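This briefing is meant for a reader who meets the structure here for the first time. Please look over the sequence and the model below before reading on.

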Amino acid sequence: RADRTERLIEMFKRFEKSASRREGALSTTLYSLAAIGDDRAIDFIAQVARSSKNQPLRSDAIYYLGNIGTDRARQVLFKIVRGE
């Protein structure tokens, strides 16, 4: 599971380099990370939600955090919403 998370994060970073042509792939990668839902995936999705220059991608990250359903994901989401 952790190995899949790391592979998806690496894939996201590669897609991000050509973001204008890969927005769908970036969102799909976030979806896949959310499906795994481990702590590393939550941290990475939260990082995207906080710092991506792409507003639709930030919105997707926030949406996926809300759908993970764990207490940790909710806590991270609340911190983002409060601007922490």
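For 84 residues, a compact globule would have a radius of gyration near 12 Å, and the protein agrees with this because its own value is 12 Å (taken over C-alpha atoms, with the globule rule being 2.2 Å times the number of residues to the power 0.38). This is a predicted model, in which local features need pLDDT of at least 70 and side-chain atom pairs count only at pLDDT 80 or more, while totals for chains, interfaces and linings use all residues. Residues are numbered from 1 along each chain as its sequence is written, and side-chain values use heavy atoms, with hydrogens and water left out.

**Overall form**
- The C-alpha trace spans about 35 × 30 × 15 Å along its principal axes.
- The secondary structure comes to five helices and zero strands (DSSP runs numbered from the N terminus, helices being H or I of at least four residues and strands E of at least two).

**Confidence**
- The mean pLDDT (the predictor's confidence in each residue, from 0 to 100) is 90, and 94% of the residues reach 70 or more.
- Among the elements, helix H2 (residues 19–36) has the lowest mean pLDDT, 85, whereas helix H3 (residues 39–51) has the highest, 95.

**Packing of H3 and H5**
- H3 packs against helix H5 (residues 71–82) at an angle of about 15°, with the axes 10 Å apart (lines fitted to C-alpha atoms, for helices over the stretch in contact, with angles from 0 to 180 degrees between N-to-C directions).
- That angle makes H3 roughly parallel to H5, a label given to angles under 35 degrees, whereas those over 145 count as roughly antiparallel, 65 to 115 as roughly perpendicular and the rest as oblique.
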